[in-house]
Amino acid sequence: MLAVCIASPLILEIVLFWKNDSFSDGLKSLEKDLSLLLFPVFILGNYQRVQFIKIVQYYSSVTTALLLFFFVRFFVFYPELVNKYLNGNDLWEMGYKFADTLGIHAPALNMHLAFVAICNLYFVFYSFSVNETLKIKTGRFIIFAGSFFFVLFVNTRMALFNALAGFVIVFFLEIFKKYNVLKVLITFSILFVVLSSLLYVFVQQNPYMKQKYSSVTFAYMDKIGKLDEIENPEVKVFNALVTRVSIWKSAWELSVKKLPFGVGSSDGKPELFKYYKETNQQFLAKYEFPTHNQFLDFLLKFGILGPVVVVLYIFTIGYLGYDLKNAIIISFFFLFFTSNLTDDFLIRFDGIAFSGLWFSIFGSFWLQQKITVDKVKPIL
């Protein structure tokens with residue numbers, strides 16, 4: 001049953017494959033989901049061999065080290081961008097340019113980095129719980145601080161929000177269940193000071209961040225669905241919430257017209273772009289914005305069944321975390337759920353593979369714990 005949940009987006013693609021207007025485009029969309037079959041087969045099929053803590057530890061440490069390498073490379077090979085940044089010019093583009101050098105969309109990269117930072121914080125607390133040496137504890141803290149810096153450097157709003165939310169989840173689940181109230185307060189105070197200091201230093205070096213998280217984000221909210229009435233919308237609202245809401249409004253209207261089975265997985269974007277033109281939304285049509293919401297994306301493509309499958313897929317991860325009372329899994333669920341409210345990561349191979357891989361690892365860990373519990377149950 002767990003394998004079926006992981007493979008549910010692939011199953012939905014197969015069941016509604018007949019809705020695609022193009023056979024070849026339908027196959028291209030289908031093949032992106034094949035990893036959701038392979039991961040359960042090879043990972044869940046060998047769940048006894050999965051060493052959850054060790055895998056997460058290697059993943060978070062190695063990813064942080066790789067990002068440090070690419071960060072240094074960025075400074076060496078793109079000095080003109082670095083100079084612009086240090087001189088306070090075009091501060092908004094730095095994180096996106098860095099992500100482009102890695103061949104990945106900045107919000108997708110920062111979703112990964114937020115999870116890495118959360119895992120690294122978990123291992124800071126873990127080092128105290130298993131009483132590791134001061135040298136190792138210091139090393140873990142430095143790795144955590146470095147990973148959080150990269151989240152700030154790429155600087156996407158949802159990733160920063162999810163990283164901070166994940167820190168809170170890890171803190172309360174890992175600290176409250178192990179220490180008394182005084183130690184909790186002391187630890188929280190230290191963590192708060194460290195994070196606040198990092199944020200303060202970064203914001204001082206990047207004043208655009210103040211605008212991005214306030215006036216830029218919430219500007220022109222009275223122009224939902226009427227973005228062409230704004231002078232130079234490319235400059236003023238390209239990354240604003242009003243643009244997202246305008247896209248969602250159009251996607252919802254079109255989805256309702258295409259119920260009950262949607263337009264097909266390969267036709268979601270073309271049909272949405274066509275609808276922009278039909279409703280005379282020239283700005284959205286010019287830049288061909290996708291839905292930026294996974295629930296609406298699947299509603300448009302697959303009709304009523306689409307959001308049901310997204311809920312099944314994402315919230316099963318949440319159930320695993322809740323059942324295990326595991327901070328890493330709960331944080332991943334919250335991160336992936338909220339990220340898919342403002343983006344659509346189950347249409348991108350990196351998002352599909354990222355979630356499918358960790359879903360399978362989490363599922364293996366859950367199976368290990370459940371089978372262990374079953375074995376030790378007394379016979380009545």
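A salt bridge here is a side-chain nitrogen of Lys or Arg within 4 Å of a carboxyl oxygen of Asp or Glu. By that criterion, the structure holds seven salt bridges, and three of them are described below. The model is predicted, so local features need pLDDT of at least 70 and side-chain atom pairs count only at pLDDT 80 or more, while totals for chains, interfaces and linings use all residues. Residues are numbered from 1 along each chain as its sequence is written, and side-chain values use heavy atoms, with hydrogens and water left out.

**A bridge between two helices**
- Glu 234 pairs with Lys 286, and their closest N and O atoms are 3.3 Å apart.
- Because Glu 234 sits in helix H13 (residues 233-236) and Lys 286 in helix H16 (residues 282-287), this pair ties together parts 52 residues apart in sequence; helices are DSSP runs of H or I with at least four residues, numbered from the N terminus.
- Lys 286 is exposed at 56% relative accessible area, whereas Glu 234 is partly exposed at 30% (exposed means over 50%, buried under 20% and partly exposed in between, with a 1.4 Å probe and protein chains only).

- Lys 249 and Glu 253 meet in a salt bridge with an N to O distance of 2.8 Å.
- Both residues belong to helix H14 (residues 241-257), where they are four residues apart, about one turn of the helix.
- Glu 253 is partly exposed at 27% relative accessibility, and Lys 249 is also partly exposed, at 39%.

**A bridge between Arg and Asp**
- Arg 348 and Asp 350 join their side chains in a salt bridge at 3.0 Å, N to O.
- Arg 348 counts as partly exposed, with 25% relative accessibility.
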